[in-house]
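Please keep the sequence open while going through them.

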Amino acid sequence: MIKLAIREEQIKELKNKIKTHKEKPGPLMPSLHDAQKLIGCIPYEIQKMISKELNIPVAKINGVVTFYAQFSLEPKGENIIGVCLGTACYVKGAQAILDKIGSELKIKSNETTDDGKFTLEATRCIGACGLAPVMTVNEEVYGNLNVSKSVEALNKHKEGAIND
Amino acid sequence: MIRSSEELVKRYNETKGKILNRAGLETNGRKEVLVCGVAGCKSLKSDTLVERLREAISDNGLDIEVKETGCFGFCEKGPIVKVMPEDIFYSQVNPKDINEIVESHLVKGEVYKKKLYINPETKKAIETTKEIPFYKKQVKIALRNCGFINAESIDEYIGAGGYQALAKALEMTPQEVIEVIKESGLRGRGGGGFPTGIKWQFARNNESQTKYIICNADEGDPGAFMDRSILEGDPHSVIEAMAIGAYAIGANFGYVYVRAEYPQAVERLELAIEKAKREGLLGKDILATGFNFDLEIRLGAGAFVCGEETALIASIEGERGMPRTKPPFPASKGLWGAPTIINNVETFAVIPEIIKKGSEWFKGIGTKKSSGTKVFALVGKVKNTGLIEVPMGITLREIIYDIGGGMLKGRKFKAVLTGGPSGGCLTEEHLDEIVDFDRLKELGSMMGSGGMIVLDDKNCMVDIAKFYIDFMVEESCGKCVYCRIGTKRIYEILERITSGKGKPSDIDELEQLSQGVIDGSICGLGQTAPNPVLTTLRYFKDEYIEHIEDKRCSASVCKDLINEYIITDKCTGCTICAKNCPVECISGERKEKHTINNEECILCGDCFSRCPFDAIVTR
């Protein structure tokens, strides 16, 4: 598992953001979004901090964090591979792509490689159904894929990851 | 700042010239280039095209504007570039085509034929958008500005007649506004199909100091992207409609609840809200009428159930997104206990047009009980995938064959899925059925938010049912026992069937469990979750029986029922399978029969679905 190091200034920035959310009704969700964005995940210590700032019991915050798929308790890999398993992609063979990428990286979906370079996710529809099947690597979208094209795309990023 | 309706008219007069020229209604002698800058085209790097176009235009000493617009709809042929006002449609444009397009079309005035759309039927190139069969049967109301205006410019929206519906509504009484919507017969486009005007009336009748209006943009239906396209292509239409709705019900504050998975939609909407505020079209004393209305965005966080009204409200309040029992309906007790109206993006997008053109005009389109148009994401195994808007009452055949261009690779049509995970499948015998809210429901499916996924004979219906139920197992919030556990048990039975361990009693069990989930759930998610199972059982029972009794999947999708792939004598040696095999286990000379090395084969099925000659079979 990847070790998470949270920097002082990240906490400070998050606290500032929470302060502005506090002025409006319903501050919890926007605060959690900011935490996820700034830190990459919302571990227990951050939940406790938010609990204090918003005066909401940490039990409730934990309930909300674990309810929504976009919030994670653990950090994700440097590169996030999302194979879309929306219906349009699924009927055009996205499952085979997901299986293949998984076997290439030796992980299942929602897992991260031991070196922390890649996280594999089976994503919900990303709204690029016209290009189905699609896969995303970080911000990049690869459309009209098949199994071999998806491996090519993965390899491109693998090389990039090594060069880093 | 636009402080009054007179100032709005003045701004319209200043900005309309450009729009009328673009539409070919009035000419100012200037050309413009439009490039789709969203969704599919963006994924295919249409932003590079914009840069290259601008460079090439200035290199040639021309003064022609290049605009990034919203979705043109015909995603299959992206990235798309259009030259206006002549409306020439260039498809699948590469950065390297740009110089030629600019030199030929923009410098010499000759259409660059190589990148025109080719009609697959006649093999002839088609120049203008309106002549392309994909667009011929479409009627654009919700998508009227998508792919036509620059979504980031409020002036272009105003030039296209934007915010005039708000000005008109503010001169009417709130009750008059509601009457127009009621008379128009507009029904909610998010899936339920509840009459919008009646919903608004409930909220209006509930007296309260505070009321809210919410736009539901938590588009979770996998395979549908109309809300995304509207927000990215015409965000002001949603803002304008929300202001109209707020005025009608007596609200002064609204939220747009958007999926976080749509960052570009969020960005464009944020920008549009900011611009509307700067122009005074949101905020205090709008158009000097004393009406105040403000708007904020709230992000979803990846929970399908939050598309349900009460769950969405809980999510904005900062709770787990779990639905509650209704009544009380949100129109009487919604966000923070106040009367709240929640409408879908597409519903909002048509409202300004209804206010402007009147309820009679809207009623003139569509069927008696489902007026107007509906946007569908036409995807799956059809030739022309993309976003379409058609009048209600059109037949499935017209959608799939006339607009969709028929089946991909000439394969056989098997079924079409509508309504997403809450809907169901329709088969060949339904192709001539009309599409409207009530007819789809009678057939066991539903309109849903508008995903329309076409399947061919290489899709397995049991597998599709399993796919949807798997989705529901994950997305059930867990509040109702039947939905939480029942969907899981249904999934397990389907898993058993697709892996060759099905029992004859499984079919009865599926039917019973499905009914239990429908009866035992409090919200729409659970009540509709078994629909894909029930409709596939209704129309494709033989496929279930085949899996259970013969341990066979004739579509060759269920891997556990496949021992190996074999290439038959039908093989022509075209090499497509060998070239694409991810483990390179197919060998053979060109124009000679190929063979599969079954020791190395991973049974991915890529060759099977790719073979144009049906030469690959399973055993």
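Does Ala288(B) count as buried, exposed or partly exposed, and with how many C-beta neighbours inside 10 Å?

1. Ala288(B) counts as partly exposed, because 14 C-beta neighbours lie inside 10 Å; on this scale a residue is buried if 20 or more other C-beta atoms lie within 10 Å of its own, exposed if 12 or fewer, and partly exposed in between, with C-beta atoms placed from the backbone. Ala288(B) lies in the loop between β9 (283-286) and β10 of chain B, and its phi is near 55°, a positive value in a residue other than glycine.

2. On provenance, this is a predicted model, in which local features need pLDDT of at least 70 and side-chain atom pairs count only at pLDDT 80 or more, while totals for chains, interfaces and linings use all residues. Residues are numbered from 1 along each chain as its sequence is written, and chains are lettered from A and ligands numbered from 1 in the order in which they are written.

3. Asn110(A) also has a positive phi, near 70°, in a residue other than glycine. Asn110(A) is placed in the loop between α6 (94-105) and β2 (111-112) of chain A, and it counts as exposed because it has 12 C-beta neighbours inside 10 Å. Helices (H or I, at least four residues) and strands (E, at least two) are DSSP runs, numbered from the N terminus.

4. Two cis peptide bonds deserve a look: the bond from Lys326(B) to Pro327(B) is cis, with omega near -5°, and a cis bond joins Pro327(B) and Pro328(B), with omega about 0°. Pro327(B) belongs to the loop between α13 and β11 (340-344) of chain B, and Pro328(B) lies in the loop between α13 and β11 as well.

5. In chain B, five strands form an open sheet of mixed pairing, in the order β13-β12-β16-β14-β15, where two strands pair if DSSP finds at least two bridges between them. The edge strands, each pairing on one side only, are β13 (386-391) and β15 (424-427) of chain B. Within chain B, strand β14 (residues 413-418) and strand β16 (residues 451-456) pair in the antiparallel sense over five bridges.

6. Phe413(B), in strand β14 of chain B, stands opposite Asp456(B) in β16(B). Phe413(B) counts as buried because it has 20 C-beta neighbours inside 10 Å. Leaving aside residues up to four places away in sequence, Phe413(B) touches Ile400(B), Met407(B), Glu428(B) and Asp456(B), contact being defined as C-beta atoms, placed from the backbone, within 7 Å.

7. Turning to the interface, 45 residues of chain B are in contact with 36 residues of chain A. On the side of chain B that touches chain A, at least two residues each come from several elements, including α2 (39-43), β10 (291-299) and α13 (309-316) of chain B. By class, that side of chain B has 20 nonpolar, 16 polar and nine charged residues; here Ala, Val, Leu, Ile, Met, Phe, Trp, Tyr, Cys and Pro count as nonpolar, Asp, Glu, Lys and Arg as charged, and the others, Gly among them, as polar.

Technical notes: Contact = placed C-beta atoms within 7 Å.
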